[in-house]
Amino acid sequence: MTPPRTGRPVRVIQWTTGNIGRRSLHAIIGRDDMELVGVYAHGAAKVGVDAAELAGWPEPTGVTATDDIDALLALRPDACCYNPLWPDIDELTRLLEAGINVCSSAAWITGGKQSPEDLDRIRKACAAGNSTIFGSGAHPGMTNMVGMVLSGACERVDEIRITESVDCSTYESAGTQTAMGFSQDPDTPGLAESVRRESEVFAESAAMMADAIGATLDRITFDVEFSTATGDTDLGFMQIPAGTVAGVYGYHRGWVGDRNVVSVGFNWIMGDHVTPPKPLEHGHVIQVFGLPNMRTVLHCLPPRDWTEPGFMDLGMIYTAMPVTNAVPAVVAAPPGIVTLKDLPPVTGRIG
Ligand SMILES: NC(=O)c1ccc[n+]([C@@H]2O[C@H](COP(=O)([O-])OP(=O)(O)OC[C@H]3O[C@@H](n4cnc5c(N)ncnc54)[C@H](OP(=O)(O)O)[C@@H]3O)[C@@H](O)[C@H]2O)c1
């Protein structure tokens, strides 16, 4: 990891403390190369609460959450770990114009899904603030990185294909899951297009991988197949009734002519009564087709000292850390939009 140029800890603010932000905050508090200087809270109930309480850290930090963006900018932090439910271009431009480097898990890899006007605002904000924006996560993020690295073993790459092949029932976000088609009538007009739009950040990650292997894409397409539940499932946070969508299998595919050179997608199920078109692999399947073919499956598993109930938070750490661990490298990166393709390897830190 690139150390900050100044030799002092990187001054970081944490933007929201939901599923992923909470884990990012926990990691920042524990890092000796980062100093937590501020926390942004979207929800009023979190304003004034110590970061330790929000992150489940044992001792108070003395840093309390605020919804006062001007006060956070005035702290002149080096970086912001940005993990809100939805990215907001106004927020991002304010941070970047103020010279704050942004590391995001919120639907950002290349910025390709943004309108040309919004992308231009982001670029101008980076130029004005001499700042950098970067996005990552588990998938997209880590999975693409592993695919790009594996392609380094090939004399010739035909296709990099990444598939998240999991039962999503442990990601308790009814809004996200419904947006991805789950529990909906499979004949809902526009359902495939809505899933494409909601998952478009995967297309950004496909474009990044294409760029890495020297492929100039003509187009990116999306195809999806829905499987329906044969019985009712009550997941607690949402219902998957019989006959509604309980399996979503789809890919964003990048093409050079008639060659599908990059594919990023999912084989997701929810509930007890569904058979997906391809067997689940309970992890991230990374395949590089070429000379030779390379394949691995990433599994996110509990360590021996895992005491929290359930495993959902393991996935949240897996999603948060590729972003938070990138902070020093992003602070050291040139201004503008950078991706995993541009950074030195982002590693974790010894505990
Ligand atoms: N790349 C990946 O692998 C990956 C995987 C999963 C998720 N993600 C992305 O990571 C981001 C965070 O996910 P998450 O599961 O942590 O989300 P979350 O817990 O549902 O929400 C994150 C925070 O956003 C704030 N928030 C809630 N409703 C909001 C609204 N209507 N408008 C603006 N902010 C709102 C809240 O902030 P306060 O806590 O301050 O109230 C909330 O805690 C999302 O953009 C998600 O798509 C990426």
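Colleague: Which residue of strand 13 stands opposite Glu159?

Modeller: The residue opposite Glu159 is Phe289 in strand 13. Please bear in mind that this is a predicted model.

Colleague: How many bridges join strand 7 to strand 13, and do these strands run parallel or antiparallel?

Modeller: Strand 7 (residues 156–167) and strand 13 run antiparallel, joined by nine bridges. On the sheet packs helix 6, which touches strand 7, strand 12 (259–269), strand 13 and strand 14. The direction of helix 6 makes about 30° with that of strand 13.

Colleague: What is the strand order of the six-stranded sheet?

Modeller: The order is 8-11-12-7-13-14, in an open sheet with mixed pairing. At its edges stand strand 8 (219–228) and strand 14; each has a single partner strand, so one side of each is left without a neighbour in the sheet. From one strand to the next, the twist averages 10°.

Colleague: How should I read the seven-stranded sheet, and which strands are at its edges?

Modeller: The seven strands follow the order 3-2-1-4-5-6-15 in an open sheet with parallel pairing. Strand 3 (65–66) and strand 15 (336–337) are the edge strands, each pairing on one side only. Within this sheet, strand 5 (residues 101–104) and strand 6 (residues 132–135) run parallel and are joined by three bridges. Ser104 has Gly135 in strand 6 as its bridge partner. Helix 4 (residues 89–97) packs on the sheet, where it touches strand 4 (79–82), strand 5 and strand 6. The directions of helix 4 and strand 5 make an angle of about 140°.

Colleague: Which domains does the assignment give, and how far apart do their C-alpha centres lie?

Modeller: The assignment gives domain 1 (8–137 + 312–336) and domain 2 (140–298). Their C-alpha centres lie 26 Å apart. Eleven residues from domain 1 and 13 residues from domain 2 take part in the contact. On the side of domain 1 that touches domain 2, five residues are nonpolar, five are polar and one is charged.

Colleague: Which residues come nearest to the ligand, and which elements contribute to the shell?

Modeller: The shell has 24 residues, of which Gly18, His42, Gly43, Ala106 and Gly137 come nearest. Helix 1 (19–29) and helix 6 (138–151) are the elements that give two or more residues to it. Helix 6 supplies the largest share, four residues. Domain 1 and domain 2 each contribute at least three residues to the shell.

Colleague: How should I read the backbone angles, and where are the cis peptide bonds?

Modeller: The general idea is that most peptide bonds are trans, and that most residues other than glycine have a negative phi. In this model, a cis peptide bond joins His139 and Pro140, with omega about 5°. Pro140 lies in helix 6. Another cis peptide bond joins Leu291 and Pro292, with omega about -5°. Pro292 is in the loop between strand 13 (283–291) and strand 14 (294–298). As for phi, Arg76 has a positive value near 50°, although it is not a glycine. Arg76 is found in the loop between helix 3 (69–74) and strand 4.

Colleague: What does UniProt place at residues 148–345?

Modeller: The unreviewed UniProt entry places there the feature "domain: 2,4-diaminopentanoate dehydrogenase C-terminal". In the model, this span is 25% helix and 33% strand, and its end C-alpha atoms lie 11 Å apart.

Technical notes:
Residues are numbered from 1 along each chain as its sequence is written. This is a predicted model: local features need pLDDT of at least 70, side-chain atom pairs count only at pLDDT 80 or more; totals for chains, interfaces and linings use all residues. Two strands pair if DSSP finds at least two bridges between them. Two residues are in contact if their C-beta atoms, placed from the backbone, lie within 7 Å. Axes are lines fitted to C-alpha atoms, for helices over the stretch in contact, and angles run from 0 to 180 degrees between N-to-C directions. A residue is near a molecule or strand if its C-beta atom, placed from the backbone, lies within 6 Å of it. Domain bounds come from an automatic or database domain assignment. Ala, Val, Leu, Ile, Met, Phe, Trp, Tyr, Cys and Pro count as nonpolar, Asp, Glu, Lys and Arg as charged, and the others, Gly among them, as polar. UniProt positions are given in the numbering used here, feature names are shortened, and annotations may be inferred rather than shown by experiment.
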